[in-house]
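Me: Please take a close look at the aromatic rings in this model. Which ones pair up, and where do they sit?

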Amino acid sequence: MANSFKSHPTESKNLALVYHFATWDDAIVGCPLLTGIELYHSKEQKKILYNLNHPIRVRELIEYGLYHKWTGEQTVEYTDGLNVLKHMGYDSDMLRP
């Protein structure tokens, strides 16, 4: 299942920061990243409940984009969001379909 996460300044709606996540779906609850799943975080050395709807996770993804030169004045699209999570220190391999 492919899911997308977009963040953009309100005055520049066409200049978004876009992440695409291709994961497996649970038959009952759907995408694990939208309902919450425990992922091991190597920097913190513990499991963290990861949910794309949580404000802390949204902030992490925005900060990742800013760190990688997104200014809000251009569109930046990450086609492999699971790889982005891996770069952020999360063990996301179990989410791959």
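Reply:

**The aromatic pairs**

Y50 counts as buried, at 0% relative accessibility. Buried means under 20% relative accessible area, exposed over 50%, and partly exposed in between, using a 1.4 Å probe and protein chains only. This is a predicted model, so local features need pLDDT of at least 70, side-chain atom pairs count only at pLDDT 80 or more, and totals for chains, interfaces and linings use all residues. Residues are numbered from 1 along each chain as its sequence is written, and side-chain values use heavy atoms, leaving out hydrogens and water.

The whole structure holds four aromatic pairs. Y50 and Y90 make one of them, edge-to-face, at 4.9 Å centre to centre with 75° between the planes. Rings of Phe, Tyr and Trp (its six-membered ring) pair if their centres lie within 6.5 Å; planes under 30 degrees apart count as stacked, over 60 as edge-to-face and the rest as tilted. Y50 lies in strand β4 and Y90 in the segment after α3 (81–87), so this pair ties together parts 40 residues apart in sequence. Helices (H or I, at least four residues) and strands (E, at least two) are DSSP runs, numbered from the N terminus. Y90 is buried, with a relative accessible area of 2%.

Now Y64 and Y78. Their ring centres are 5.5 Å apart and their planes are at 65°, so the pair is edge-to-face. Y64 is in helix α2 and Y78 in strand β5, 14 residues apart, so the pair links distant parts of the chain. Both Y64 and Y78 are buried. Ring pairs also join Y64 and Y78 with Y19 and F21 in a cluster.
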